[in-house]
Amino acid sequence: MRPSSEEFLEIFQIDTTFVKEAAVYLKIVPTLLALQREQGYDGEDELIDVFCRCYNARVSLDPSVEKVDQDGVMLFENLKLAGYVTADRRQGFNRELARYVLQVSIANKKLDMGGLKLALFHAIPIALRYLKPEVFEAGIHKYLVKIDIDAGLSPETLRQMMDVFRQDI
């Protein structure tokens with residue numbers, strides 16, 4: 001659901017970011033997967049299908065409304081059922097785990113499946129832009145709106161954000 005706090009609505013520029021996020025899951029990802037399938041990629045390991053499922057999204061209960069209101073919602077699959085957990089981003093890795101990650105990275109020196117999928121995620125929109133410029137323009141480019149996170153922040157909100165960052169550091 002959209003944030004209820006006026007400060008968060010201001011910080012996240014919800015009318016832009018909410019629509020962009022819904023577009024990623026409901027329009028852009030399916031467009032990229034369709035291009036891959038058209039090009040002969042179809043196996044589980046070949047597709048960049050690395051996103052959680054978004055079942056649907058709405059900006060309001062009123063279909064004629066274009067601004068995100070308090071009834072805006074996106075419905076995603078529950079990744080906890082697949083074994084994913086949310087870790088504390090402030091905690092970081094312990095020494096043993098950090099050493100393991102570095103050793104595996106150094107030992108593999110090849111592109112692992114995650115790295116390959118990330119590379120494909122960056123390459124496929126470029127391919128779509130060249131192979132199907134009209135599909136790229138209508139299905140992807142129109143959602144690539146630059147967001148200036150500092151635009152419109154009040155001095156008080158900016159100060160509060162900096163206080164939170166300092167506490168985290």
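Select α2, residues 14–38, and colour its buried positions: I14, F18, A22, A23, I28, V29, T31, L32, L33, L35 and Q36. Buried means under 20% relative accessible area, exposed over 50%, and partly exposed in between, with a 1.4 Å probe and protein chains only. Helices (H or I, at least four residues) and strands (E, at least two) are DSSP runs, numbered from the N terminus.

This is a predicted model, in which local features need pLDDT of at least 70 and side-chain atom pairs count only at pLDDT 80 or more, while totals for chains, interfaces and linings use all residues. Residues are numbered from 1 along each chain as its sequence is written, and side-chain values use heavy atoms, leaving out hydrogens and water.

Stay on α2 and look along its axis. Where does α2 bend? Centre on V24: the bend there is about 45°, taken as the angle between axes fitted to the seven residues ending at that point and the seven starting there. Now set a distance from the first C-alpha of α2 to its last. The 25 residues reach 34 Å, close to the 36 Å expected at 1.5 Å a residue. That expected span is 1.5 Å times one less than the number of residues. Step just past the helix to G40, which takes a positive phi of about 95°.

Next, the largest nonpolar core, with 14 residues. A nonpolar core is a set of buried Ala, Val, Leu, Ile, Met, Phe, Trp, Tyr and Cys residues joined through side-chain atoms within 4.5 Å. Select I28, L32, L33, I48, I124, L128 and I140, the members that touch the most others. Both α2 and α4 (113–131) supply at least two residues each. The largest share, six residues, comes from α2.

Zoom in on L32. Which residues is L32 in contact with, beyond its neighbours within four places in sequence? Show I48, F121, I124, P125, L128 and I140. Contact here means heavy atoms within 4.5 Å. Another core lies apart from the largest one, with six residues, including I14, F18, A22 and V68.

Switch to charged side chains. The whole structure holds five salt bridges, each a side-chain nitrogen of Lys or Arg within 4 Å of a carboxyl oxygen of Asp or Glu. Pick E38 and K132, whose side chains meet at 2.5 Å, N to O. E38 sits in α2 and K132 in the loop between α4 and α5 (133–139), 94 residues apart. E38 is partly exposed at 48% relative accessible area, and K132 is partly exposed at 24%.

Move to α6, residues 155–168. E156 and R159 form a salt bridge at 2.6 Å, N to O, three residues apart, about one turn of the helix. R159 also pairs with D163, with the closest N and O atoms 2.6 Å apart. Those two are four residues apart, again about one turn. Shared partners join E156, R159, D163 and R166 into one network. Partly exposed here are E156 at 37%, R159 at 42% and D163 at 28%.

Finally, zoom out. The chain has six helices and two strands, running α-α-β-β-α-α-α-α from the N terminus. Buried residues make up 21% of its 169 residues.
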